[in-house]
Amino acid sequence: MKSIQQLYLQAVLKQQELEKIKQEEQVQRQNQEIIKQQQLLSLVLQPGLNTNDKQSWSLIDIQNRITQYYQQQVLRKEIVIIRNQIEIHLPYFLNVLGNLIIHGLDSIKGQENYIGILKSQFINQPMNITMSNSLFKTLSLLFRSSLVQFDKDSLQDSRCVNMKYFSQFLLFRDDFCDIFFNSLYQYQISTNKQVSQQLSFYQLYQLITKNSEDIWTTFIYKLLSQQQQQLTKDQFFVQFNHYTFLINNFFKKSNLIFNIVENTVKQTAQLHNDSIFQEYLLIMGSFKATTQDFLKKATSIFFDDNNTFIELPEFIIKTKKIHNQLNSSILYILPMIFQLESQMIDIIQVNEKQEIKPLKNSSNYYLKMIERLKNKCVYNGEENCNCKKCQCIRRNRNSANEAQRKKREALEKIGPLQDAFEELRKKAKVVQNENENLRQLLTNVFQHPQVSKLASTFIEPLTKIISDNDCGFDSYEC
């Protein structure tokens, strides 16, 4: 059987050969997707939104202006002070994102009427807010740079949040923000026929709430297929290994939940986060224990000799089958972490607004368990990983194999000696049995009346002879 590394290299080569064909197919699929998305345009793109001004800006023009404004703030390292203008309850990270975009609208000069209508719609219907790729990346960079704060008046509002952990939130991390956008974006076309890729608040909200399992399955399918209609076997192999690499690095390095656990250990009060810490440990432990084995079994279920590609409906069905058979939800790990971190931020905000009673702090247990799992590499010593842990595992395996080899060689050398020793033991047993028979025979002879009268003349010398023979046999047997 070919090694995982050989299969991986073959898959990479095959995928590169098909890249040009896939690009042409993707252009055709995108054109079809644009037509489908025309009926799903947000309210900001409807004709009723536009003024009579023929020079009115499109949505992408406004997003570009907001992007430029925040890029300047990042370059200057100036803190952006926002106020809460959204009354509708949202997950806290969406609340902050929405208020940032509304604040960006306030910074735009020109077309005040149009901007005012757009701002009103964003405040009243925040789920219709969308972000272009450049805007989303800029806002993520703003959070990673810790340059966002609520004003003092807004901080008294229970809907306003502390930005302490937003720089580590999975959605905004440099190694994951592109993955979320590229897996969730949809095409939108404006009234002036301008096409753009947009990430909506509604899509992010669906990932958090997970009204059905198909939402996560669809997200993972788009991630692995890179938004293509079909997922090939080679592409699944390459993308899953990349997915594994990213998640493995996420668990090995500092992240939002780990830092909260670490900080909670130093506190005298528990933040009632045990359920989330436990869920994090379960996710981390499941990933560390089963990833490589999962890849082999999942590939055989998704694909067979007659089927080298899979489409979304079949992928949904087989994913449920895989998770049930293998008792593992590895494919869902990324949205699970995303949901968990969002819940963690929400809980922190609630706890900071309320007085909590001091309780016994159990976070030290979770910290120790997480640290222990962090040191376990998912590749478990395979050749395609050169981390210190895998190198140590390979050295130990090589040492064990070498010891076994030497043991086999030693057994092969002493084999003939053991055979000779067994033959000697058999002969000694035969002699021992013969001596016993002789003793019994002599005993019977001396019991005869005529012999017993003569026994006194030779019984003592014979007894001595027998005794000497027994001593000799004992020394030989030792």
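**Chatting about helix α9**

Visitor: Which residues are buried in helix α9?
Guide: In α9, residues 201-209, the buried ones are Phe201, Gln203, Leu204, Leu207 and Ile208. Buried means under 20% relative accessible area with a 1.4 Å probe, protein chains only. Helices here are DSSP runs (H or I, at least four residues), numbered from the N terminus.

Visitor: Why are they on the same side of α9?
Guide: Because they cover an arc of only 165° around the axis, taken from the directions from the helix axis to the C-beta atoms.

Visitor: Is this a model or what?
Guide: This is a predicted model, where local features need pLDDT of at least 70, side-chain atom pairs count only at pLDDT 80 or more, and totals for chains, interfaces and linings use all residues. Residues are numbered from 1 along each chain as its sequence is written, and side-chain values use heavy atoms, leaving out hydrogens and water.

Visitor: OK, what follows α9?
Guide: Lys210, with a positive phi near 50°.

Visitor: And how do α4 and α9 pack?
Guide: Helix α4 (residues 92-106) packs with α9 at an angle of about 170°, and their axes are 11 Å apart. They are therefore roughly antiparallel, a label for angles over 145 degrees.

Visitor: Which residues meet there?
Guide: From α4, Phe93, Leu94, Leu97, Gly98 and Ile101 meet Phe201, Leu204, Tyr205 and Ile208 of α9. Contact means heavy atoms within 4.5 Å.

Visitor: New topic: what does Leu171 touch?
Guide: Leaving out residues up to four places away in sequence, Leu171 touches Phe93, Leu97, Phe136, Ser140, Cys177, Phe180, Leu204 and Phe338.

How values were computed
Buried means under 20% relative accessible area, exposed over 50%, partly exposed in between (1.4 Å probe, protein chains only). Helices (H or I, at least four residues) and strands (E, at least two) are DSSP runs, numbered from the N terminus. Axes are lines fitted to C-alpha atoms, for helices over the stretch in contact, and angles run from 0 to 180 degrees between N-to-C directions. Angles under 35 degrees count as roughly parallel, over 145 as roughly antiparallel, 65 to 115 as roughly perpendicular and the rest as oblique.
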